[in-house]
Amino acid sequence: MVTNAANDAASMKAYKPRYIEEKLFINGEFVPSISGRKFDVYNPTTEELAASVYEANADDVDLAVQAAQNAFPAWSALSAADRIGYLDRLADAIEANADELAYLEAITMGKPYIDDFSIKLSVRNLRYFSGKALDVVGDSSLNTRDFVNITLRQPYGVCGGITPWNVPLLMLINKLGPALATGNTLVLKSSEKSPLSSLVVGRLAQEIGLPKGVLNILSGYGRPCGEAIAKHMSIRKLSFTGSVAAGRAIKKAAAESNLKKVTLELGGKSPLIIFGDADLAKAVPAATASILLNSGQSCVASSRIYVHESVSTEFMELMKKAMAELLPAGDPLLPGSRRGPQVDKAQFDRVVSFLDYARDNQLEIPVGGGRQGTTGYFVEATMIANAPENSRVMKEEIFGPVVCVNTFADEAEALQRANDTEFGLYASVFTKDISRALRVAKVLEAGSVGINCSSPTMAVDMPFGGWKQSGDGRELSKYCNDYWTELKSVYIAL
């Protein structure tokens, strides 16, 4: 479905590349898969074929790993300044090709083409990671008599990365950047739902002269491609972003192979607590944007809102109005579209199944609750009110534009309910009482907490990751170097 605003601007066309890459990027070259097999990628707005891409299997993984192994000695021996030079040039190339990348993410993932925030974040983050190459340093100790002892931080060697479909380029950069900056080489699998922008990065790596084999990009499914990466005996570290179920399978595969180090950034069911003294003029837009950004397909989305009973009626009315007005869904290639469709039919059907559950269980649905239009995988912005805490909509990650709003009477009750989940990725609180804000932030069981702001508020110099089943390890910030390097102690007798 296309909104009226988008229809009015239909004459304004988005950039369209002359050629869409379909091959695998191995050892600095684009090559077909060994099997010759392809898979189709569909445009979620039109439901039409967007591209057919070569599918990597275990044999292709072996080729990519061998290329990465061959490249590792020379790449890891480069000075930090040399690695910075390559990564900075790659960031410049991504920035120069932002229109192409935004177009490809629009026709595969459904992300709005105009002013694509994730492309800009990708460039910013890569430049940040580039500079962290200078921070790969150890420590020293004089605490042992007649010894000078030091620690060294050194790259693992060949590393693996598996990225999700919801923010393809940004997730690739958040793995590529620190992996290469710290001296590792990388074999990365993109999601089969949105592989096209990742392949552009391979082309740009060619253009800037990145040494062959340092970066290898494979398109394929979790099985066999992702599984082969997780089990590969020559991959020493793996970083995965995706679902809890897939993360559990990857850890199991890693444990059953070579016990490779694994970092995980998984799902969320993020709570947002709004106290009676909250500034609703700020809280309502923040809550609405959080759940509708990227069509709700965000692991940090504030999908559970707890509002103090003293302001619940006012908040509900304001948010219902905001959800009706903000981010209208439409063709992501057209101006005026601030929210696109769900990524594909499988995800669309999953979101709709939660809406069916809500209706079947006679839950209150003040806003939305169904499909939008007849073509494309569009879901109405939806609010579910006063759902039982043990219901599916409160316990499971929906990953769509669906928010649950419940009320609470006191702080202890709000915190108990907010923490009553196996997820712990992001949490938020709105209040004018700074003591309460800090007290609540301390108790919330989440890797990131927003005070008088909500997701996706983050900073590249702050660590990002989850508690409980939302993850293991951290991305971003100075801490990311720790997760891409091994620590070695060296004892020097005088």
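**Close-up 1. Arg 153 and its salt-bridge partner.** Arg 153 counts as partly exposed, at 22% relative accessibility. In this predicted model, its side chain meets that of Asp 482 in a salt bridge, 3.5 Å from N to O. Arg 153 belongs to strand β6 (residues 147–155) and Asp 482 to helix α16 (residues 480–483), so the pair ties together parts that are 329 residues apart in sequence. Asp 482 is also partly exposed, at 35% relative accessibility.

**Close-up 2. The salt bridge of Glu 411 and Arg 439.** The two side chains meet at 2.8 Å, N to O. Helix α14 (residues 411–419) holds Glu 411 and helix α15 (residues 434–443) holds Arg 439, so the contact ties together parts that are 28 residues apart in sequence. Arg 439 is partly exposed, with a relative accessible area of 41%. Both residues belong to a salt-bridge network that also links Asp 277 and Arg 436.

**Close-up 3. Lys 189 with Glu 192.** A salt bridge joins these side chains at 3.9 Å, N to O. Lys 189 is buried, its relative accessible area being 4%. Glu 192 is partly exposed, at 22%. With the cut-off for buried set at under 20%, Lys 189 falls below it. The count for the model comes to 28 salt bridges.

**Close-up 4. Ser 391 in its loop.** Ser 391 sits in the loop between β15 (382–385) and α13 (392–395). Its relative accessibility is 3%, so Ser 391 counts as buried. The side chain of Ser 391 reaches the backbone oxygen of Pro 388 at 2.6 Å.

Conventions
Residues numbered from 1 in each chain as written. Predicted model: local features only at pLDDT ≥ 70, side-chain atom pairs only at ≥ 80, totals over all residues. Heavy atoms only, no water. Helix = DSSP H or I, 4+ residues; strand = E, 2+ residues; numbered from the N terminus. Buried < 20%, exposed > 50% of the residue type's maximum accessible area, 1.4 Å probe, protein only. Polar contact = N/O pair within 3.5 Å; in protein donor to acceptor, adjacent residues only side chain to side chain. Salt bridge = Lys/Arg side-chain N within 4 Å of Asp/Glu carboxyl O.
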